[in-house]
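Subject: A structure to look through

Dear colleague,

I am passing on a structure that I have been going through, and I would be glad if you kept it open beside this message while you read. My notes on what was found follow directly below it.

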Amino acid sequence: MYGPARAVLLLLVVTAVANPTFVLPQQTGAINLHFLAGDAFGVQRRAVDTALCPALYPQPGSIRFFQYPSSLFVTGAASISSSALSTGTSNPPTASTSSTSSASTTTSTTVAVSCLPNSQSCEETGCQGSFTNNAATCKSTTMQGCSCRPSINTPGFLCSSIQNCDTNNCAGSFDVNGRATCKTYGAGCQCQATANTCGAAQSCDSNNCAGTFDMSTGRATCKNFFAGCQCQATSNTCGSPQSCDNNNCGGSFDLSTGRATCKNFFAGCQCQATANTCGSPQSCDGNNCGGSFDMSTGKATCKNFFAGCECQATSNTCGSPQSCDNNGCAGTYDANSNTARCRNNFAGCQCQPTANTCGARQSCDNGGCAGTFDFASNTARCRNNYANCPCRPTINTCGSLGSCEGGGCAGTINDAQTLAASCKGSYIGCPCRATSGVTQLQCGSLARCDFAGCNGAIVTPGNFLGLCRGGPHAGCGCTPVAGTPNVVPEPTAPEYRTCFVSCQSGNPCLCVCDDGTFVVSNGGSFVC
């Protein structure tokens, strides 16, 4: 209150009475009224006079100048010299005491006052401010020309386009209607909320926020109360989960919850995990995955944490092995293994092999098959890897040489010269040991008597087939050709013998002669 003073007019009214009384209004400036110092003029507080409102007199007695109230009565001498006023006047006041008639003299002076160091509101009592020429100033007599802070109610002041609540001494904050307005300069004018104005983000569903996402930024902001303030997205704000890869979502899993949420646009919203979100499949039993197979796809995916991500099936996920042919399993053996697994649906799960699982027959010696024949069977199967799959037998599959007549071998001699024989029944193809006079020669289809060293000849009278006398098919029949020798011996005269047969009466008897002929008689002796 002690800054540069402005001049005001102090009216000192002196009434020519026996005890003149001065009425002084309260001033805010540094007014030099040293003539009122001390008790020389008998400055006294009086009782409250309602006519001089708002005079207040808390206690009687002398007062110091800078403590005087709004108004006071001054009892002084009949006349006061103008030299008592530090500011000076051209016509000092006079008073007459020789006459009962009243005489008065009025003097005026200019008094310096101070404006407040900080601008007050233009609406405060005593200012009566208005806005002209881009400046807000007080128009009252006591504060003429002092600057003031305009508001929406200040005459001549118009709110500019919505400004930042933090700039230009706006000091904006939210009103109960959810709108942000300036509280200092331009009080009542709407302003754009900032992080300072908004404070910590609250739920987009609360307090009439009506939050939605801004598609250009991917942030959720209030659209009703607290407009422009960022808010915490809810399921209502997010809507149905979309792909974690779309619309700048930048989704990833939250390890504490196992849920995939957007980390860029639409932050906090749950999203649908993709291969990018999931990464390499992990065990269906680990990290609260809770994996199981989806029957519609045959794939194992997490059902708890990391929901929707493909996982590596375990024995818990797979359950008991089923046929490798069922439910789209398409099982095959692991390489050089005795384990068959599904390769399509339920991938990785062990399955029970079938003929389809085994595929085309391979050598019983390959891939750790270690194949042998089933007992008394013509089928060789793997006994180690690819267990029970039929395989193509080798000499190793046959084992030690057995009899051509044992175990259903049904062996025959393949080469009459070497007597090499092989099984033609069980253990087919396996070498067997021929038994002299028992194991038959395996002749195969008839060939010409001059084929492959057959050296065939006709050896049976009346027979149109020859017999190989050499080569690997010696003893086998052959088809005679021109030049095939006929080595049938010339017939000799028959030797007739009497055939004595004892027959029962009335019954015919058969008598066979030496040359193979026979006669039938009812008994007696016969001549062949």
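Asn288 is found in the loop between α3 (275–278) and β17 (292–294), and in this predicted model its phi is near 60°, a positive value in a residue other than glycine. With a relative accessibility of 48%, Asn288 counts as partly exposed. A positive phi also turns up at Asn168, where the value is near 55°; this residue lies in the loop between β9 and β10, and at 56% relative accessibility Asn168 counts as exposed, since the cut-off for that word is over 50%.

The disulfides come next. As a reminder, a disulfide is a covalent bond between the sulfur atoms of two cysteines.

Cys170 sits in the loop between β9 and β10 (173–174), while Cys182 sits in the loop between β11 and β12, so the pair ties together parts that are 12 residues apart in sequence. Both ends are hidden from the surface in the sense used here, because buried means under 20% relative accessible area: Cys170 has a relative accessibility of 0%, and Cys182 has 2%.

A further disulfide is formed by Cys159 and Cys189, whose sulfur atoms are 1.8 Å apart, and with -80° about the S-S bond this link is left-handed. Cys159 belongs to the loop between β8 (148–149) and β9 (163–164), and Cys189 to the loop between β11 (180–181) and β12 (191–192), so the parts that this pair ties together are 30 residues apart in sequence. Is each end buried or partly exposed? Cys159 is partly exposed, with a relative accessible area of 33%, whereas Cys189 is buried, with 7%.

The disulfide of Cys398 and Cys430 has its sulfur atoms 1.8 Å apart and is left-handed, with -85° about the S-S bond. It links distant parts of the chain, since Cys398 is in helix α6 (residues 395–398) and Cys430 is in the loop between β27 (421–422) and β28 (431–433), 32 residues apart. Cys398 counts as partly exposed at 22% relative accessibility, and Cys430 counts as buried at 3%.

Strands β27 and β28 also take part in an open sheet of four strands, which has the order β25-β28-β27-β26 and mixed pairing. Its edge strands are β25 (402–403) and β26 (412–413), each of which pairs on one side only. Between β27 and β28 the pairing is antiparallel, over two bridges, and the bridge partner of Ser422 in β28 is Pro431.

Finally, there are the nonpolar cores. The largest has 33 residues, and those touching the most other members are Cys231, Phe266, Cys271, Phe306, Cys311 and Cys351. Apart from it lies another core, of 14 residues, among them Cys364, Cys404, Cys423 and Cys432. Leaving aside residues up to four places away in sequence, Cys231 touches several others, including Ala201, Cys204, Cys209, Ala220 and Cys222.

With best wishes

Technical notes
Residues are numbered from 1 along each chain as its sequence is written. This is a predicted model: local features need pLDDT of at least 70, side-chain atom pairs count only at pLDDT 80 or more; totals for chains, interfaces and linings use all residues. Side-chain values use heavy atoms; hydrogens and water are left out. A disulfide is a pair of cysteine sulfur atoms within 2.5 Å. Buried means under 20% relative accessible area, exposed over 50%, partly exposed in between (1.4 Å probe, protein chains only). Two strands pair if DSSP finds at least two bridges between them. A nonpolar core is a set of buried Ala, Val, Leu, Ile, Met, Phe, Trp, Tyr and Cys residues joined through side-chain atoms within 4.5 Å. Contact means heavy atoms within 4.5 Å.
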